[in-house]
Amino acid sequence: MKIGFTARALVSACALGAAGLLALAPASASAHPGHDPDPPRGPRATPPPALLYRSGTQVRPHADAPALPRLSARSWLVADAGSGEVLAAHEAHRPLPPASTLKTLFALTVLPTLPARVPHTVRPEELAGIGPGSSLVGVAAGRTYRVADLWRGVFLSSGNDAVRVLAALNGGWRATAARMQEKARALGALDTRVLSPDGYDTPGQVSSAYDLAVFGRAGLRNADFARYCGTAEALFPGAGGPPYGIRNTNRLLTGADGVARYPGAIGVKNGYTTEAGNTLVAAARRGGRTLVVTVLNPRAGGGHAVYEEASALLDWGFGAAGRVEPVGSLDGRRARPGPGPSAVPVVAAAPPERRVGWAEACAIAGAAGMGAGAVSLVTRGRTE
């Protein structure tokens, strides 16, 4: 790993509107790039209220509350990101494979340890062990990348190759998994068992709708995390050639592939594996209020159902404001409840780089004789 800072690179995250720059800070302090907003502290959390452990759907509506949408997901949850109040949930603590939504915990654990501008030349051994069919951003051995480039590969393309390199810089695959497990416990996410930091199908690796909502909420309080997960399009360094365009695979953020972009969407992370099915942690902001939802493995409606059901939950959550009693809290299993994000977004400090739009990315790729596949290098195989 080469420690030092380089001149301005041509690779930059192009945010969708202002969403890529939104970061939600604790009420008492602004979020800072690279700062862990919620370090481990205090003894192990006490057990959560029993309500969220009950089977079936849990909701406590007032007489004027809107009806919950009909959903097919095996597990889901909708919560207020500011207060941490869970507005409704279905099988909130059911252990299920998380797929690439587990990358939210990976980012929470590793982001604070690696300065974004540090360059690193990838060694072949750092790319060893990537699971067959993994989604890749195109990291090449022998190529030098900045840490920020690799994070864009993780958040936008769900690149398991980028995860492998970042984990190597963080002490290795097993050490990273162990640190992720410690971080989950510190956040009160006791359903999660980490065996593969990229979320690839591994026997025994599970999380829950509750835990993933905890990770999404915590990520929104970190300026770097919020900026990356809210970035719709960016350029990624080419292997021996010019940079190429990548697009966020979270369709609620981009409105791609026939999925309508959700108004006010600010992230967080989607996933897919054979065992997990489609999974999604999503967040949106409306009228000074931020909601986070988790949807795991819809069993009807095809590949877009995870986005449709998340959109329906967000609509319900915004409509249910003040019309339901909480059924639990995302702080419910912590010894010391963490502060939620304030209603006022904090603009994360952007790196001094030239920002390049999607159209320009395509033009660069076309001038270099690169095909459309290179402009959107997202491998939709076993994982996403």
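This is a predicted model: local features need pLDDT of at least 70, side-chain atom pairs count only at pLDDT 80 or more; totals for chains, interfaces and linings use all residues.
**Entry 1: H1 against H5**

On the H1 side I found Thr-104, Leu-105 and Leu-108; their partners in H5 are Leu-212, Phe-215, Ala-218 and Gly-219. Sorted by class, the residues of this contact come out as 5 nonpolar, 2 polar and no charged.

Next I looked up the geometry. Two packed helices are described by the angle between their axes and the distance between the axes. For H1 (residues 103–110) and H5 (residues 209–220), the axes come within 9 Å and cross at roughly 45°.

**Entry 2: How covered is H1?**

I stayed with H1 and asked how many of its residues are buried. The count is 8 of 8, so I put H1 down as mostly covered, with under 20% relative accessible area as the cut-off for buried.

**Entry 3: H2 against H3**

I then turned to another helix pair. H2 (residues 147–155) and H3 (residues 160–169) have axes 8 Å apart and pack at an angle of about 135°. H2 and H3 are therefore oblique to each other. The crossing of H2 past H3 is left-handed.

For the contact itself, H2 supplies Val-147, Leu-150, Trp-151, Gly-153 and Val-154. H3 answers with Ala-162, Val-163, Val-165, Leu-166 and Leu-169. My tally by class for this contact is 9 nonpolar, 1 polar and no charged residues.

**Entry 4: Asp-201 in a loop**

Where is Asp-201 found? Asp-201 sits in the loop between helix H4 (173–186) and H5. Is Asp-201 buried or exposed? Its relative accessible area is 13%, so Asp-201 is buried, the cut-off being under 20%.

I wanted to know which partners the side chain of Asp-201 has. One is the side chain of Thr-273, joined to that of Asp-201 by a polar contact of 2.6 Å. Another is the backbone nitrogen of Glu-275, which the Asp-201 side chain reaches at 3.0 Å.

Methods
Residues are numbered from 1 along each chain as its sequence is written. Side-chain values use heavy atoms; hydrogens and water are left out. Axes are lines fitted to C-alpha atoms, for helices over the stretch in contact, and angles run from 0 to 180 degrees between N-to-C directions. Helices (H or I, at least four residues) and strands (E, at least two) are DSSP runs, numbered from the N terminus. Contact means heavy atoms within 4.5 Å. Ala, Val, Leu, Ile, Met, Phe, Trp, Tyr, Cys and Pro count as nonpolar, Asp, Glu, Lys and Arg as charged, and the others, Gly among them, as polar. Angles under 35 degrees count as roughly parallel, over 145 as roughly antiparallel, 65 to 115 as roughly perpendicular and the rest as oblique. A crossing is left-handed if the near helix is turned anticlockwise from the far one by less than a right angle, and right-handed if clockwise. Buried means under 20% relative accessible area, exposed over 50%, partly exposed in between (1.4 Å probe, protein chains only). A polar contact is a pair of N or O atoms within 3.5 Å; within protein, one must be able to donate a hydrogen and the other to accept it, and residues adjacent in sequence count only if both atoms are side-chain atoms.
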